[in-house]
Amino acid sequence: MSIHPGEVHGLLGENGSGKSTLIKVLAGYHVPDAGRLAVDGRGEQLPPSAERLAGMGIAFVHQDLGLINSLSVTENLWMRELSVRKGAFVSWSREHERTRETLARYGLEGVHPTQTASTLSAFQRAMLAIARAIEGIAEIAGEGRGLLVLDEAMAFLADHERSYLSGIVGDLTATGAAVLLVTHDLDDALKLCDRITVLRDGEVAGTVAAPDTSPQELARLITGGLARTSGAADRRTESRPDRVLATVECPGVSGLSLRIGAGEIVGVTGLAGEAFGQIPYLLYGALPAASGQLTLDGKTFDVRRHSPDKSLAAGIVLVPGDRQRQGAVGSLTVQENMLLPRLSEFMHGPLLSRRAMSARGTTLIRRYDVRPPYGGAVMSTLSGGNQQKAIVAKWLQLSPGLLLLDEPTIGVDVGSRVQIFEYIRKLASGGTAVLCSSVDYAQLATLCDRILIFSRGVVVDELVGPQVTKDEILTRCLLQPPTTT
């Protein structure tokens, strides 16, 4: 792969195709069996040291962003510089002022230098990590050199936030520096990139010019032309179900009043930062609610007194948006993660039946196409898409009455995304009510039967049937129509 000065070069491929391995080789984390890196025509040893990367002007923003939650914005922003600075003391007043000036350049005027990273929104976290990377290569970028590697850094951003970031990327490449953009979003790749390299099964499947490529052609290149790039997930019902299975009345959640039919998939969305993102967690009992009630199949629950264990007992499950911190235990095996909600079924007195767990785990792995197909693999070693399929398997195997989803395919490759959509659709076809919260409008348009749009904390619009398209959802969110309740 070659990357030209001033170019945005896309790197695409399914999870497990080799993208993360390649980036970790470039970052010096993995030692390759063979390979060569040349910067400005000069060969460099692989893996490069941190000092050599800095000297070459290569900076990384990894998918997990690399922020330390317990440290302040200032400490995260200038971490490398502060750690090697000579002298026993740091002038924090000067550093905080420098931080304020830097944050303003990246649209983060509302962030205080002393805030801990844990208090930032997804957009603020992403922009902080990006600001740190760009500032680290600013001098070299000013000379018309340097490379910024964005590894799924846009995955957690809403559409308008991605547009803002694309402006920053444009400013950087205008200096002659280059950007390597790793993404699963075909629209992002085609809009932002000049050229795109696709990896498949650890090999380069091809490099194409973005302006001459369609999303369909790119999807075929990524998947090898497999039929699973289209399927049941693309077929959406236009009629409303006959039977209402779940009702939600939550004055404490932006005055939410919601009905979900048996087998219906309802999406809630809006611009990032709106209240809709909390709804699945409030209904599940993972966040405290001020008021409200949830009725499922004739049984009513007080949302204020709800809790995850009560939700599970009532047939309500939640697939959270943060799979690493909330969805899985990375140090446990795949089958242990998948069987956590049913662990009691494998108890024989004080002991667990590992044989029974292995048999059940193998069945789930095959049913949900988790790769590698080995239940004893440590969860953290799987690619993002396969981790997500294992998490979806963990909850869908319970055949819940109400499935709550928060960004169910964030950072997931196109092939795994379609598979996950098919699993959710199949569950809904059996009568399960589904509520999906997301800022991924393409995801909502593909998956949902009906969309509720939030603006300024309340539901202001509803889309059904043929209205449920990515462009229509985006338009309604941006225009912020008047309240129709």
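Residues are numbered from 1 along each chain as its sequence is written, and side-chain values use heavy atoms, with hydrogens and water left out. Because the model is predicted, local features require pLDDT of at least 70 and side-chain atom pairs count only at pLDDT 80 or more, whereas totals for chains, interfaces and linings use all residues.

The secondary structure comprises 19 helices and 20 strands (DSSP runs numbered from the N terminus, with helices being H or I of at least four residues and strands being E of at least two). Of the 485 residues in the protein, 51% are buried (buried meaning under 20% relative accessible area, exposed over 50% and partly exposed in between, with a 1.4 Å probe and protein chains only). The protein exposes about 21,800 Å², of which carbon and sulfur atoms supply 51% (Shrake-Rupley method with a 1.4 Å probe; for residues, only the protein chains shown count as cover). Among contacts between residues at least 6 apart in sequence, 66% join residues at least 24 apart (contact meaning heavy atoms within 4.5 Å).

The largest nonpolar core contains 72 residues, and Val 334, Leu 403, Leu 435 and Ile 473 touch the most other members (a nonpolar core being a set of buried Ala, Val, Leu, Ile, Met, Phe, Trp, Tyr and Cys residues joined through side-chain atoms within 4.5 Å). When residues up to four places away in sequence are not counted, Ile 473 touches Thr 269, Tyr 441, Leu 444, Ala 445, Ile 451, Ile 453, Leu 463 and Val 468. A second, separate core of 50 residues includes Ile 130, Ala 153, Ile 168 and Leu 190.

Leu 190 is also among the residues touched by Thr 213, together with Val 208 and Leu 218, again not counting residues up to four places away in sequence. Thr 213 is situated in the loop between β8 (203-209) and α10 (215-223), and counts as buried because its relative accessibility is 15%. Its side chain reaches the backbone oxygen of Ala 209 at 2.8 Å.

In helix α1 (residues 19-26), the buried residues are Lys 19, Ile 23, Val 25 and Leu 26. These residues cover an arc of only 155° around the axis, so they lie on the same side of α1 (the arc being that of the directions from the helix axis to the C-beta atoms). Gly 28, which follows α1, has a positive phi near 85°.

Most residues other than glycine have a negative phi, and most peptide bonds are trans. Asp 201, in the loop between β7 (195-200) and β8, has a positive phi near 55° and is exposed, at 71% relative accessibility. Asp 369 likewise has a positive phi, of about 55°; this residue is in the loop between α15 and α16 and is partly exposed, at 23%. The peptide bond from Arg 371 to Pro 372 is cis, with omega near -5°, and Pro 372 is found in the loop between α15 (354-367) and α16 (384-396). A cis peptide bond with omega near -5° also runs from Leu 46 to Pro 47, the latter lying in the loop between β3 (42-44) and α2 (50-56).

A search of the whole structure finds 0 disulfides (pairs of cysteine sulfur atoms within 2.5 Å). The cysteine sulfur closest to that of Cys 448 belongs to Cys 436 and is 5.0 Å away, too far for a bond. Cys 448 is buried at 0% relative accessibility, and Cys 193 is buried at 5%.

How values were computed:
Polar contact = N/O pair within 3.5 Å; in protein donor to acceptor, adjacent residues only side chain to side chain.
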